[in-house]
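This report goes through the overall build of one protein chain and then looks at a few of its residues in turn.

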Amino acid sequence: MVSKALQSLLFAACACLTSACVAQRATHAETEALATRSLAEIVAAIEAGDVSSADVTAAYIDRIERLDRDGPRINSVLVLNPDAMDEARAMDAELSSGIRRGPLHGAPILLKDNIEASGDMATTAGAFILQDNLTNRDAPVVAALRAAGAVILGKTNLSEWANFRSTSAISGWSAVGGQVRNPHMLDRSPCGSSSGSGAAIAMSFAAGALGTETNGSVICPAAMNGIVGFKPTVGLVSQDGIVPISPTQDTAGPMTRTVRDAALMLGAMSADAPDYTSQLSPEALEGMRVGVLRFAVGDSADLSTVFEAALSTLQASGAELVDIVSY
């Protein structure tokens, strides 16, 4: 005789054989697949009505719960925005009524946790002393992202105080969040103080993320996590509302899956910014002088091969390569 407990298990296993449940699973799988695609593709799908911002936001939250806080435990996201789903539904409602805020409408974005954002999310810079630092205001760069339609999904872990706490600080560790892990190899460094943003994008925990850089804190985690990171010229985007290190070097920058995504985010980070995606073409490299730091390539033969192939591509597109002497 089958026990009641086993009967319950068998019933649960068969419960999703109905057409409605199968369709629900199929929809979830499609949304999950979309969540791993580029920012530009996600925005286009939301605008076309193929998927809702709420569905994509829910998919990211699910991925964070399963893979960041459980599973391999990447530990890249410090806190989720408790209002994220409400924000996403609001973006869907606006779009259905014909309102499109801008190029990021409905896209869930993560912020490094030294950047202020309104709502029930402290800005900690990874430090215990700021763990109750609820300012309830948006940094100008965050306000610009919201104006462009972005949904603020949450805050990412980082090197405490953006790595300005010790000459031998551990990259990607903070007192509030612990150690960020490199998703490509969990025991390797995620690099740089924007490590949480870099690892989160590598794991498709958001459509895009903001990092900040003083000296390598966007570029290094982008390299180590296999994504695109861009440090804008200092002053191009506002420094206000960001825990500072150096007024002459600090800037926020986009961290994304593709160069087009980085250009899309950069254009949304300032109210008066141009559409940088319009400048993305091979012809844009014609006559451009590109500095080459061959001395910094290292001694990996595989890396050198990829590096030289990239240089050849740049030259073929018209760029002038300028070798930089070791300093």
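Contact here means heavy atoms within 4.5 Å. By that criterion, and not counting residues up to four places away in sequence, Glu286 touches Ser317 and Gly318. The model is a predicted one, and the values below are computed from it.

**Position of Glu286**

Glu286 sits in the loop that runs between helix 10 (259–268) and strand 9 (289–292). With a relative accessible area of 59%, Glu286 is exposed, because the exposed class begins over 50%. Ala319 is 33 residues away from Glu286 along the chain, and the C-alpha atoms of these two residues are separated by 5.4 Å.

**Overall build and confidence**

The protein contains 11 helices and 10 strands. Its radius of gyration is 21 Å, which agrees with the value near 20 Å that a compact globule of 327 residues would have. The C-alpha trace spans about 80 × 45 × 45 Å along the principal axes. Of the contacts with a separation of 6 or more, 67% are between residues 24 or more positions apart.

Buried residues account for 43% of the 327 residues. The accessible surface is about 16,000 Å², and carbon and sulfur atoms contribute 57% of that area. As for charge, there are 22 positive and 35 negative side chains, with the centres of the two sets 5 Å apart.

The average pLDDT is 91, and 91% of the residues score at least 70. Over residues 5–13 pLDDT stays under 50, and the model has 1 contact beyond four places in sequence for this stretch.

Gly154 is placed in strand 3 (residues 151–156). At 0% relative accessibility Gly154 counts as buried, since the buried class lies under 20%. Residues up to four places away aside, Gly154 touches Val79, Leu80 and Asn81, then Ile109, Leu110 and Leu111, and also Met121. The C-alpha atoms of Gly154 and Asp83 are separated by 9.3 Å, and the two residues are 71 residues apart along the chain.

Pro254 belongs to strand 8 (residues 251–256). Pro254 is likewise buried, with a relative accessible area of 0%. Leaving aside neighbours within four places in sequence, the contacts of Pro254 include Ala209, Leu210, Val218, Val228, Gly229, Phe230 and Pro232. Ala262, Met265, Leu266 and Met269 are also among the residues in contact with Pro254. Between Pro254 and Asp83 the C-alpha separation is 22 Å, at 171 residues apart along the chain.

Most residues other than glycine have a negative phi. Trp161, although not a glycine, has a positive phi of about 55°. Ala162 also has a positive phi of about 55° and is not a glycine. Trp161 is found in helix 7 (residues 160–163), and Ala162 lies in helix 7 as well. Trp161 counts as partly exposed at 30% relative accessibility, whereas Ala162 counts as buried at 11%.

**Accessibility of the residues discussed**

| Residue | Relative accessibility | Class |
|---|---|---|
| Gly154 | 0% | buried |
| Trp161 | 30% | partly exposed |
| Ala162 | 11% | buried |
| Pro254 | 0% | buried |
| Glu286 | 59% | exposed |

Technical notes
Residues numbered from 1 in each chain as written. Heavy atoms only, no water. Helix = DSSP H or I, 4+ residues; strand = E, 2+ residues; numbered from the N terminus. Rg over C-alpha atoms; globule rule 2.2 N^0.38 Å. Buried < 20%, exposed > 50% of the residue type's maximum accessible area, 1.4 Å probe, protein only. Areas by Shrake-Rupley, 256 points an atom, 1.4 Å probe, with all protein chains shown as cover. Lys, Arg positive; Asp, Glu negative; His and termini not counted. Charge placed at Lys NZ, Arg CZ, Asp CG, Glu CD. pLDDT = per-residue confidence, 0-100.
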